[in-house]
Amino acid sequence: MSRFIVSGGNKLSGSATVQGAKNSILPVLSAALLCEGENVLFNCPRLSDVSAAARILRYLGCEVKREGSAVLVNSESVNGAEIPDSLMREMRGSIIFLGSLLGRRKKAVLTFPGGCELGPRPIDLHLKALKSLGVKIRESRGAIECTAPDGLKGAKIALSFPSVGATENIILAAVTAQGTTTLTNAAREPEIADLCEMLNKAGARIYGAGEGVVVIDGVKSLKAVEHTVIPDRIVAATIMSAAAVTGSELMLEGVIQSHLNAVTSVFEDSGCDIKFDCGNLLIKAPERLKPLPVVRTMPYPGFPTDAQAVMMSAACAADGASVFVENIFEDRFKHVSELTRMGADIKVENRVAVVNGVKKLYGAEVRARDLRGAAALVTAALAAEGETTIDGICYLDRGYEDFELVLGSLGADIKRI
Ligand code: UD1
């Protein structure tokens, strides 16, 4: 079990390249099941979730290997349709293999991704939509058996909530279905547009990717592709938060400005100066942030729930009170009790957190209990006086590649033990 030891108080400087997006590479790896042959996926971050996805692909009969920052997936000889519970439990995103398995094998047998660190994460929207596509579903004691013996058939589907995972599973199932699928109230996250770009290169006919209405004309089969995954907007937000909390000036290389609008406007309103230039972002933070405008998490293009925790660590030392409203997940304030150990003043009532900025945070022993909460503890520790020990770094490793090395190169005093 890894932990981080952070000695806070250093100013940060220099530049960091933003890694490929975790939430893009996972559905893209799943899509490789549908794209028969050797797929070459560039800008693939080294994350434990990526390793978990690779184990699922190998179990299903793919060859998977890494060459530098690229991952090669040969899906020529896929022969499995079942994902064992042990692999399903390794990563909650494993449900994303459902749609592509159905497309490739007309069958998928897996288990529920399980209870969750962010509150319940049901998959009712995924299953209801797949039924509309002609999939027969049997559920028994945590296992789900999905079959489409006569193949999948295009349908009109309206989501009651723009779920990211459900949108991806529907697209993955529909690309090789017979006929046309029209999906309304689809999630509009950039990672979905990235998945569709990859699928379209492979021969899919998807129109309106990244918009609320997506139309998919089913095709017979897909060919292998080369694809470069988009930069991770949540990692970018985390590094911006590190700059904001330490009053530093940092350059982030390889970002997409439009993906960051909701996040940059909060940093700007709290006194940061942000400039974009040819895929680079320069953030210059004041010595002390002004209170943040109300942060309400929303589906994209609203403020991302995944950036709520790191934004809160920036608010902890701001000069005044900031309010956070978590609208996406029921239980996404687990970092609050740990930030409080570091001297933060935060009150939570249901889905609302009020953060009264304090003059100083102090080093403490804290424990991460989810991925983004772990990142928030690390950023808070950068600003804290004294030494912070952060347990539960396995969560951070799910989504941040070599995070201690990135922060160390910017001048942070951080080590993994
Ligand atoms: C994805 C992201 C995750 C991000 C989240 C919201 C990946 C691998 N993960 O997760 O980082 O925090 O989007 O932006 O891309 N819901 C239902 N029924 C369903 C599906 C979802 O009620 O069938 C609810 C969930 O409980 C949750 C909300 O919808 O409250 C959002 O979930 P969803 O958009 O599906 O998130 P994920 O795809 O799990």
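**Ligand shell and helix packing**

A backbone N or O atom of Pro 122 sits 3.2 Å from an oxygen atom of the ligand, where a polar contact is a pair of N or O atoms within 3.5 Å; within protein, one must be able to donate a hydrogen and the other to accept it, and residues adjacent in sequence count only if both atoms are side-chain atoms. The model is a predicted one, in which local features need pLDDT of at least 70 and side-chain atom pairs count only at pLDDT 80 or more, while totals for chains, interfaces and linings use all residues. Residues are numbered from 1 along each chain as its sequence is written, and side-chain values use heavy atoms, with hydrogens and water left out.

For Arg 332, an N or O atom in the side chain is 3.5 Å from an oxygen atom of the ligand. On its own the ligand has 740 Å² of accessible area, and the protein covers 81% of this (areas by the Shrake-Rupley method with a 1.4 Å probe; for residues, only the protein chains shown count as cover).

Which residues come nearest to the ligand? Of the 17 around it, these are Asp 124, Leu 125, Ser 163, Asp 306 and Ile 328, a residue being near if one of its heavy atoms lies within 4 Å. The shell comprises eight nonpolar, five polar and four charged residues; Ala, Val, Leu, Ile, Met, Phe, Trp, Tyr, Cys and Pro count as nonpolar, Asp, Glu, Lys and Arg as charged, and the others, Gly among them, as polar. Both α5 (124-132) and α6 (164-174) supply at least two shell residues, and α5 gives the most, with three. Helices (H or I, at least four residues) and strands (E, at least two) are DSSP runs, numbered from the N terminus.

Helix α8 (residues 233-246) packs against helix α10 (residues 308-316) at an angle of about 5°, with the axes 9 Å apart. Axes are lines fitted to C-alpha atoms, for helices over the stretch in contact, and angles run from 0 to 180 degrees between N-to-C directions. The two helices are therefore roughly parallel (angles under 35 degrees; over 145 is roughly antiparallel, 65 to 115 roughly perpendicular and the rest oblique). Ala 237, Thr 238, Ser 241, Ala 244 and Val 245 of α8 make the contact with Val 310, Ser 313 and Ala 314 of α10, contact meaning heavy atoms within 4.5 Å.

The axes of α8 and helix α9 (residues 261-269) come within 11 Å and cross at roughly 5°, which makes α8 roughly parallel to α9. Here Ala 237, Met 240, Ser 241 and Ala 244 in α8 meet Val 263, Thr 264 and Phe 267 in α9.
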